[in-house]
Amino acid sequence: MSAPTPKRDRLDGFNPKLIAPLVSGAILNPINSTIVSVALVPIGVAFGAPPSQTAWLISALYLATAVGQPVVGRLIDVYGPRRLFLPAAALVGVAGVVGALAPNLAVLIVARVILGFGTCAGYPAAMRLIRDESGRTGKDSPAVVLTILAVATQTIAVIGPPLGGLLIGLGGWQATLAINIPVALVAFVLGWRRFPRDDRKPGKLNLDFPGMALFAATLVTLLLFLMNPHLGSWYLLLLTVLAAAGFAVRELRHPTPFIDLRVLGGNVALLVTFGRALLAYVVSYSFIYGFTQWLEDGRGLSASTTGLVTLPMFATGIVVSAITGRRQALRGKLIVAAVAQLVACVLLLALLPTSPVWMIVGIVLIFGIPQGLNSLALQNAVYRQANPENVGASAGLLRTFGYLGAIVSSAAQGGFFGQRADTAGLHHLAWFLVIVSAGFLLVNVLDRTLTRSATLTRSATQERHPDMTDHLDPAHTALLVMDYQTGIVGRIADDQALLDRVGSAITDVRARGGHVGWVRVGFDDAEFDAIPATSVFARMLAPETRAVMHADAPATQIDERLKPQPQDISVRKTRVGAFTTTDLDAQLRGRDVDTLVLAGISTSGVVLSTVREAMDRDYRILVLDDASADPEPGTHEFLTGTIFPKFATVLDVDALAKLFAGQAN
């Protein structure tokens, strides 16, 4: 066993110098999303603009982000984080200058558009760098890095409104834009000095520009109609429908669509989750921006006082998230969030210009409950309901629907507040939010799919595969032990327990006369040179990574605590799945094997890919859930409980022994 890791090395090899630039980039979007909430009224007063016009300051940022973030994320994957992060940070600084000097509302809206595009790179660049560091170190990204990133963005969301109030008190509304200048400068300098230079050699980039244009046209024409809905604007709805239809046709036909609508095909549960996300964020953003405007305009509070009054909502959200984050009951969380949301919206109807501050704070505290519950529950719902091969795209669509909620919210505020955010306008907005909240509650109550656990029971699994629950013929069965190599086993927290379980399965298969196969990943020099830029292995092109992943390196050898035998099957692969670049299928067919028992690291990598490949080759498949592991336990549970049972029998090592003995029930 290796020596215990020193306490100070919690980063597990991760370059600590990257943390500051990662955080500086990731906070750019949340700080500009929340800080403007207390600046809308002062901006409206300065330019003589009613809420129906200042609402564009909200919509502009989210329109730019909704279109820009998928594009920038794609470019970062191709060209590397540094090449996109630096110009994006500079763009944020430019937006700060333009916004602070804006002579009218139109220029200020342009500044917010620039800001939206500039803030698109921070979070995807952070996630790309974290993954690249994982490839460099040969280890999973340490949890402390992701925690720091999450805490930073949540903290900025908390302090955004009070910080905005403080800045307005010191330098007027212009200070809420000017703050981007030093923040962007810090991010740029940190990125310039600490981000590694990108050595990617990208191939031809195939971006779906027509799809982007049609998506943007759909959102803009819809927003223009919602901002001022009347019969004379019927042509805007027609343009929206035409743009949306063109977008759908384009995305369904394009090989690399801007937004992959095929992800949604046939997945009703996922579509419902996107719909509930839209409803949730309409209410959330209406409360953050609309209620905040009323506090200043209708209740007469100063910007700084308003920031302090709304602070408990974000603080309550963080506390609720921390308390409930580990609980799996999605439907319960969403129903509680919906009820709290509905109660808070109803209470808005009771507010008057003379309402005491304690009553306002009480409503704010109630609304903190859905703030803490909805975001985590919706992310977990997508995680469970999406096809694991498209989890990233599905998560991106969840964020897109959140942006759509923000856009609908800004349109509602513009329509209900009119010339000023008075109490009558707040009550009209509140009635709209009550209806939306009731719809959100109804969807959650009626959606029974949310009650299903992420992990299926063993009996349910067996019912789906009755042919696998009688017995196994060891002569036709092979246990594939996949990626149990030194550099990968070391990433698992309790690696010895995992090795003990897979060792027990190996011993049992050998004793019964079955076959054992060893699969590992490693590259020789020629194979490294042949890796295309689009491959998931492209990050291994760096010299230090090649040294770790070379076929002859210690990290790519089967863990010494396992003992391969001369008669075993052995293959080395250069892709994720066990079959693609090996002669594994020929070796198995040569031994008359028709049944595979899979154990591997990781569940979302080699096991998932090999299940798919083995299914296409007509093998009977069993997956050992307690002899497989994933750096993300939730991912392991989701795959073994929901996805794999559709194609394989999922069982543990003890149940495998019973199948060999013909004792399974």
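Predicted model: local features only at pLDDT ≥ 70, side-chain atom pairs only at ≥ 80, totals over all residues.
On helix H11, the face turned away from the buried side carries two exposed residues, Leu-185 and Arg-193.

The buried residues of H11 are Asn-180, Ala-184, Ala-187, Leu-190 and Gly-191. Around the axis they cover an arc of only 130 degrees, which places them on the same side of H11. An α-helix has 3.6 residues a turn, so residues three or four places apart point the same way. The partners of this buried side are helices: H1 (19–26), H2 (28–34), H6 (81–100), H7 (105–118) and H10 (174–178) pack against the buried residues of H11.

The length of H11 (residues 180–194) also agrees with expectation: at 1.5 Å a residue, its 15 residues should span 21 Å, and the end C-alpha atoms are 20 Å apart.

| Residue | Relative accessible area | Class |
|---|---|---|
| Leu-239 | 39% | partly exposed |
| Asp-508 | 17% | buried |

Leu-239 belongs to helix H13 (residues 234–253). Together with Trp-234, Tyr-235, Leu-238 and Leu-242, Leu-239 forms a nonpolar patch on the surface, and the accessible area of these residues together is about 540 Å².

Asp-508 is located in helix H22 (residues 495–512). Asp-508 counts as buried because its relative accessibility of 17% is under the 20% cut-off. Apart from neighbours within four places in sequence, Asp-508 is in contact with Ala-657 and Phe-660.

Note on methods:
Residues numbered from 1 in each chain as written. Heavy atoms only, no water. Patch = residues over 30% accessible without salt bridge, like charges linked within 9 Å, V, L, I, M, F, W, Y side chains within 5 Å. Areas by Shrake-Rupley, 256 points an atom, 1.4 Å probe, with all protein chains shown as cover. Salt bridge = Lys/Arg side-chain N within 4 Å of Asp/Glu carboxyl O. Helix = DSSP H or I, 4+ residues; strand = E, 2+ residues; numbered from the N terminus. Buried < 20%, exposed > 50% of the residue type's maximum accessible area, 1.4 Å probe, protein only. Contact = heavy atoms within 4.5 Å. Expected span 1.5 Å × (residues − 1). Arc of directions from axis to C-beta.
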